[in-house]
Structure formats: C-alpha cells, structure tokens
Amino acid sequence: MYGITILIILLVKQDIVRSVRLVELRVPTHEREGGSALLGCQYDLEGDTLYAVKWYKDGKEFFKYAPRIQTPMKHFKLPGVHVNESRSSTTVVALENLTRESAGLYACEVSGEAPSFMTARSEKYITVHLIPDTRPKLTGLKDKYFLDDLVVSNCTTAPSTPEAHLKWLINDKPVLKRFLRGPWYRVSADRPDAIETTLQLRFTVTPSDFVDGAMKLTCQSTIAPLYQQETTSTHYIDLPLSLETPSPVSSPSTDHAIKTNWSILTVLLSVLFLRI
Ligand SMILES: *[C@@H]1O[C@H](CO)[C@@H](O)[C@H](O)[C@H]1NC(C)=O
Ligand SMILES: *[C@@H]1O[C@H](CO)[C@@H](O)[C@H](O)[C@H]1NC(C)=O
Ligand SMILES: *[C@@H]1O[C@H](CO)[C@@H](O)[C@H](O)[C@H]1NC(C)=O
C-alpha cells in the first residue's frame, strides 16, 4: 500500500513539475584534425527557467553556461578541447584546433532552476581523422609509353587515420583487380597511429588503353566521409609513324586527322602532364 502511494505521488509530481526537454544534439560525427566543430544543443525549457547548460567530454565537464551567475560562461581545459567562447552561447559551443585527443563522447546537459533541477542529457561520439593535406602521389611513371610497354606506378597517400582507400582508373574507368598490387600499409615515421597507403597499377599497354590518342591514369584517395582527392597523369601514345593511320581507338570522323596529328605532335614534345 505504502509503495503504491509513493508511486502515485511521484506520478502526480512528474505531471506538475515543468521539465526540461532536449530537442536536438547536433554534433558532427566525423571531423578532421586541425579543423573546428560547432556543437549544438537545442532544448525546450517547457516553462522552466534555465539553471545551466553544461558540456562534457568523456564524462569531464569542459563548458558551462549558467545565466544567473555573474560571468555566465565558463570553460575548462581538457586535452584536445579548445573552446572559443566568443563563438559559443547557451545553445552552441565552438571547438577549434581539433587534435586526435579531441575524439570522444560529447554530452550536453541542460538543467532547470531550483527547486526541481530537472535535467535532460544527450550524448554523441565525435571521431577525429587525420586527413592528408596533399593529393596522392604517383611514382614510377615514364614520360612515353609504346604499345606492349609495361606500366608500373605506385599511388601513395600521405599519412592518415584511418588508412585511405585507393582506387586506380584508366580513362575514368575503374581498373580490373588483376592489374593491381597491394594495397600496402606503412606506419608513419612520426605518427605511429597514422598510415601511408600504396596501391600499385601494373599493366601492359594495348591500343584500347588510349582514347583519342591519350591514356589518362587517375588515382583516387578516399577517407569517407571527409576526404577525396585524385591525381591524374595523361600520356600520349608513342606510335611509330607507320601506325599513324588507322588510329586504333578513335572511329573515323572529320576531326580524326586533326586529333591524330595532334597526338603525334605531343609525342614529339614528349610532354608528361602531371596535375598535382
Ligand atoms: C587555435 O589555434 C590558433 C593558432 O595557434 C590560435 O590563435 C587560436 O587561439 C586557437 N583557438 C583556440 C580556441 O584555442
Ligand atoms: C574565436 O573566434 C573569433 C572569430 O573567428 C576569432 O577572431 C578569435 O580569435 C577566436 N578566439 C580564440 C581564443 O581563438
Ligand atoms: C611500389 O611500392 C612497393 C611497396 O612499397 C615497393 O616495393 C616498390 O618498389 C614501389 N615501386 C615503385 C615503382 O615505386
């Protein structure tokens, strides 16, 4: 009987007390090292008065906004947590200069005034990636290729966490697996948690590798969902003059001759186009 009475009183009390409600915790799930992040906490006081908004990382408080206090905004130093107060408010906290130590579980806690001090809390995990600041590098490529030449090229990304996903394309088409070696992973010399990824392209040049006299080799590096960069190297077919016509790839058309002549000219110039 006694227990039931308490339960009823509690239920009634719940009804009367206005309670804070968290509407949305908007926190990025993935961010890059060196970047910044805006953490948003939307709440509905439902008639209550705000006592404080507090932010925690891995259970440790790093930010507090209590409007009734003389200096309402306060932040506390934690490894990897650099708050910019001038860009923060009752509903937003701005973090800058993210490091790998910034990764963790972030919680927003909103509480109402006395006497109830009703509290609402929500939390989300932020992952911090090390993103290469350069495009992938291609090595081993020659200026010119003849038919039946072996093309061997390594595509390597600067150290990243997690490892990058590499993909080779020839003339914008994904390369068959049998023309690939690797991927190989190497731990970075200065960052034991960061990895350099290499994928090797290896194939024998055939006429079908040229579109309008050009062979475009592209390596794409991806760290989802934050990073995608590519490097392209274009090579013009180095055909003996006797093979000038008919062209093995382009179909006969009015501009065919112009294109063929142009490709021969570029062969003479032996130009390697490397977009970096
Ligand atoms: C982030 O780093 C820059 C450059 O070192 C510094 O000026 C700025 O105050 C830092 N931001 C925070 C919130 O610590
Ligand atoms: C906070 O952000 C403002 C605006 O971007 C900037 O001018 C200021 O230097 C930052 N403060 C700190 C401590 O980094
Ligand atoms: C490609 O990378 C592999 C593994 O790191 C290495 O053994 C090989 O010598 C490299 N080849 C070229 C052409 O760079």
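Reader: Which residue forms a disulfide with C41, and how far apart are the sulfur atoms?
Author: C41 is bonded to C108, with 1.9 Å between the sulfur atoms. A disulfide here is a pair of cysteine sulfur atoms within 2.5 Å. This is a predicted model, in which local features need pLDDT of at least 70 and side-chain atom pairs count only at pLDDT 80 or more, while totals for chains, interfaces and linings use all residues. Residues are numbered from 1 along each chain as its sequence is written, chains are lettered from A and ligands numbered from 1 in the order written, and side-chain values use heavy atoms, without hydrogens and water.

Reader: What is the handedness of the C41 and C108 disulfide?
Author: The S-S torsion is about -80°, so this disulfide is left-handed. Because C41 lies in strand 3 and C108 in strand 9, the pair ties together parts 67 residues apart in sequence. Strands are DSSP runs of E, at least two residues long, numbered from the N terminus.

Reader: Are C41 and C108 buried or exposed?
Author: Both C41 and C108 are buried, meaning under 20% relative accessible area, against over 50% for exposed and in between for partly exposed (1.4 Å probe, protein chains only).

Reader: How many disulfides does the structure hold?
Author: There are two. In the other, C155 and C219 have their sulfur atoms 1.9 Å apart. C155 belongs to strand 12 (residues 150–156) and C219 to strand 17 (residues 214–223), 64 residues apart. Both C155 and C219 are buried. In sequence order, the bonded cysteines pair 1-2, 3-4.

Reader: Changing topic, which residues have the most contacts inside the largest nonpolar core?
Author: They are L39, W55, F62, L95 and V110, in a core of 27 residues. Such a core is a set of buried Ala, Val, Leu, Ile, Met, Phe, Trp, Tyr and Cys residues joined through side-chain atoms within 4.5 Å. Strand 3 gives the most, with four residues. A second, separate core has 18 residues, including L138 and F203.

Reader: What is L95 in contact with?
Author: Beyond its neighbours within four places in sequence, L95 touches S36, A37, L39, F62, V81, H82, V83 and Y106, where contact means heavy atoms within 4.5 Å.

Reader: And which residues are around ligand 3?
Author: T139, N154, W184 and Q200 are around ligand 3, each with a heavy atom within 4 Å of the molecule. A polar side-chain atom of N154 lies 2.2 Å from an oxygen atom of ligand 3, and one of T139 lies 3.3 Å from an oxygen atom of ligand 3.

Definitions and conventions. Polar contact = N/O pair within 3.5 Å; in protein donor to acceptor, adjacent residues only side chain to side chain.
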